[in-house]
Amino acid sequence: MKGIVLSGGLGTRLHPSTIAISKQLLPVYDKPMIYYPLSVLMLAGIREILIITTAKDIQSYKRLLGNGHQIGIKIFYKIQTKPRGLVDAFTIGKKFIGKSDVCLILGDNIFYGDGLISYLERSINIVKKKNNAVIFTYPVSNPNNYGVLKSKNNKIISIVEKPKKTLSKQAVVGIYFYPNSLLNYVKSIKPSKRGELEITDLNNMCLKNKKLEVQKMGRGFSWHDAGSPDNLLEASQLMQIIEKRIGYKIGCIEEVALHNDWINKEDLKKIIKKYINSEYGNYLKRLI
């Protein structure tokens, strides 16, 4: 399975902060936002990853992450010329995906919780063994701002994007697993009223053909869409509280690589040199 991190868009909700820099390069507590979704793909065992971003930001990502060899993965880059919706990631990444299954994760989504790896592994197994797509939901207090599940008699009948009436509190979050065969549905998706190719339409096609499964994330998990000033601040504060309390870092891509045996301690020593005088670097030293 391959992974895609969608880090395009204009980040207008965070203007003026994102006029000169990509939203996903802004810090969430002690590391760039993109470290969090990138680490999730790595926790899932995915080693080939495409980052989709804008023409003005691509060099910044390359300076930050390079080709990924230093953490035992392969990172590729593609440019999204203008925001055309989440499904556009599969068109841009068609050559990269090839015949592989794929996991798409949004660059401004942060996930944390005990058992996350089990959820990821279960999703990959569903894709491989049942050829079904997998989406995740999380209970929210403001479901009208998200795509949410609509159910009848405890059976999911559709996913509705930003419903005017409250249909449920189960919001679809920004990580999606698809078998390669279901990407054929992409060709049938038409732009919505806002001119975008909606991921909700793709998921509804999978649901209609009985090829969609839902994993519900409960109270033991934390999910943040860090795309607004308040959400960005809340995510940073939460990461600070958790990291200080447990003594471990969340979204530390080097630690994940070490844990996965993709790099060794000698490799980590080389990485540490670029983190001189930072607490992040000191944390990596403690891992050794």
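The exercises below, each with a worked solution, refer to this predicted model.

**Exercise 1.** Determine how the axes of helix H9 and helix H10 are oriented to each other, and which residues make the contact.

*Solution.* 
Step 1. The axes of H9 (residues 265-272) and H10 (residues 279-287) come within 10 Å and cross at roughly 165 degrees.
Step 2. Angles over 145 degrees count as roughly antiparallel, so H9 is roughly antiparallel to H10.
Step 3. The crossing of H9 past H10 is left-handed.
Step 4. H9 contributes Lys 265, Leu 268, Ile 271 and Ile 272 to the contact, while H10 contributes Gly 281, Leu 284, Lys 285 and Leu 287.
Step 5. Sorted by class, this contact holds 5 nonpolar, 1 polar and 2 charged residues.

**Exercise 2.** Identify the buried residues of H9 and state where they lie around the helix axis.

*Solution.* 
Step 1. Leu 268, Ile 271 and Ile 272 are buried in H9.
Step 2. Viewed down the axis of H9, the buried residues fall within an arc of 100 degrees and therefore line one face of the helix.
Step 3. In an α-helix there are 3.6 residues a turn, so residues three or four places apart point the same way.
Step 4. The partners against which the buried residues of H9 pack are H8 and H10.

**Exercise 3.** Describe the backbone geometry and location of Asn 131, Asn 277 and Pro 16.

*Solution.* 
Step 1. Most residues other than glycine have a negative phi, and most peptide bonds are trans.
Step 2. Asn 131, although not a glycine, has a positive phi of about 60 degrees; Asn 131 sits in the loop between H5 and strand E8 (133-139) and is partly exposed at 31% relative accessibility.
Step 3. Asn 277 is likewise not a glycine and has a positive phi of about 65 degrees. Asn 277 belongs to the loop between H9 and H10 and is exposed, with a relative accessible area of 79%.
Step 4. His 15 and Pro 16 are joined by a cis peptide bond, with omega about 10 degrees; Pro 16 is in the loop between strand E1 (2-6) and strand E2 (27-28).

Note on methods. Residues are numbered from 1 along each chain as its sequence is written. This is a predicted model: local features need pLDDT of at least 70, side-chain atom pairs count only at pLDDT 80 or more; totals for chains, interfaces and linings use all residues. Side-chain values use heavy atoms; hydrogens and water are left out. Axes are lines fitted to C-alpha atoms, for helices over the stretch in contact, and angles run from 0 to 180 degrees between N-to-C directions. Helices (H or I, at least four residues) and strands (E, at least two) are DSSP runs, numbered from the N terminus. Angles under 35 degrees count as roughly parallel, over 145 as roughly antiparallel, 65 to 115 as roughly perpendicular and the rest as oblique. A crossing is left-handed if the near helix is turned anticlockwise from the far one by less than a right angle, and right-handed if clockwise. Contact means heavy atoms within 4.5 Å. Ala, Val, Leu, Ile, Met, Phe, Trp, Tyr, Cys and Pro count as nonpolar, Asp, Glu, Lys and Arg as charged, and the others, Gly among them, as polar. Buried means under 20% relative accessible area, exposed over 50%, partly exposed in between (1.4 Å probe, protein chains only). The arc is that of the directions from the helix axis to the C-beta atoms.
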